[in-house]
Amino acid sequence: VTDIVAEDSLSAAERAERGSYAGCIAGALSFAEYERGLLAAGMIDVRQHITNGYSGRYPLDPTAVIGIAIHHSVSGGHFYDELPDTQDDEIFHLRVIDQYHINQGWGGFGYHLAAFPSGRWYYCGDLTGARAHVASRNYELIGVVLIGDFSANVPPLLQMERGDLER
């Protein structure tokens, strides 16, 4: 995960020029570059299965993003069996959450990214579209959901630390 992402409209030269004011932006990835990196690293793109997966509820201005909100789904107890669930099972689970969020009036799946105990990560909502995950803050936050109920325990290590995304 990168700490700075620049607008897609900024060229490499423009990012470097701005680096004289804020050194960290000089090496920043654009949203499109970041997205390509996620997919190249093995994140599974399921936006076609998610309501508003390619657009979000409304456009998200990359310059307004100030952070990432990490949630837990409070669902998925059956994902803790000893045998890993299949990718198809996990995608079905994401679609169930999507439908639940629609029924709540939230406009579909509320998060940009989702992680399962299996270590598989899913790209659920375009990073340039706002999702519904933090009331009155969706315009400035990227939403990540860890699938499971972590009210009384912590997520599995693989789910939290999966960095290579090779599955």
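## Sheet, cores and aromatic pairs in a predicted model

In this predicted model, 5 strands form an open sheet of mixed pairing, in the order E3-E7-E6-E9-E5. Helices (H or I, at least four residues) and strands (E, at least two) are DSSP runs, numbered from the N terminus. Two strands pair if DSSP finds at least two bridges between them.

Local features need pLDDT of at least 70 and side-chain atom pairs count only at pLDDT 80 or more, while totals for chains, interfaces and linings use all residues. Residues are numbered from 1 along each chain as its sequence is written, and side-chain values use heavy atoms, with hydrogens and water left out.

**Strand E9 and its neighbours**

Strand E9 (141-146) pairs with E5 in the parallel sense over 6 bridges. E9 is also parallel to E6, to which 3 bridges join it. Val-144 in E9 stands opposite Ile-70, and Val-144 is also the bridge partner of Leu-113. Because 6 of the 6 residues of E9 are buried, the strand is largely enclosed by the rest of the structure. Buried means under 20% relative accessible area, exposed over 50%, and partly exposed in between (1.4 Å probe, protein chains only). Both faces of E9 are covered: Leu-141, Gly-143 and Val-145 are buried on one side, and Ile-142, Val-144 and Leu-146 on the other.

A nonpolar core is a set of buried Ala, Val, Leu, Ile, Met, Phe, Trp, Tyr and Cys residues joined through side-chain atoms within 4.5 Å. The largest such core has 15 residues, and those with the most contacts inside it are Leu-38, Met-43, Leu-113, Trp-121, Tyr-123 and Leu-127. Helix H2 (31-40), E6, E7 and E9 each supply at least two residues of this core. A second, separate core has 14 residues, including Ile-44, Val-46, Cys-124 and Val-145.

Helix H3 (residues 87-103) lies across E3, E6 and E7, and runs at about 50° to E7. For that angle, axes are lines fitted to C-alpha atoms, for helices over the stretch in contact (heavy atoms within 4.5 Å). Angles run from 0 to 180 degrees between N-to-C directions.

**Two loops**

Ser-118 lies in the loop between E6 (113-115) and E7 (121-123). Ser-118 counts as buried because its relative accessibility is 11%. Its side chain reaches the backbone nitrogen of Arg-120 at 3.2 Å. Gly-42 lies in the loop between H2 and E3 and, at 21% relative accessibility, counts as partly exposed. Gly-42 and Arg-120 are 78 residues apart in sequence but 8.5 Å apart in space, C-alpha to C-alpha.

**Aromatic pairs**

Rings of Phe, Tyr and Trp (its six-membered ring) pair if their centres lie within 6.5 Å; planes under 30 degrees apart count as stacked, over 60 as edge-to-face and the rest as tilted. By this rule the count comes to 3 aromatic pairs.

Tyr-100 counts as partly exposed at 45% relative accessibility, and Trp-106 counts as partly exposed at 36%. Phe-109 is buried, with a relative accessible area of 1%, and Tyr-111 is buried at 10%.

How values were computed. A polar contact is a pair of N or O atoms within 3.5 Å; within protein, one must be able to donate a hydrogen and the other to accept it, and residues adjacent in sequence count only if both atoms are side-chain atoms.
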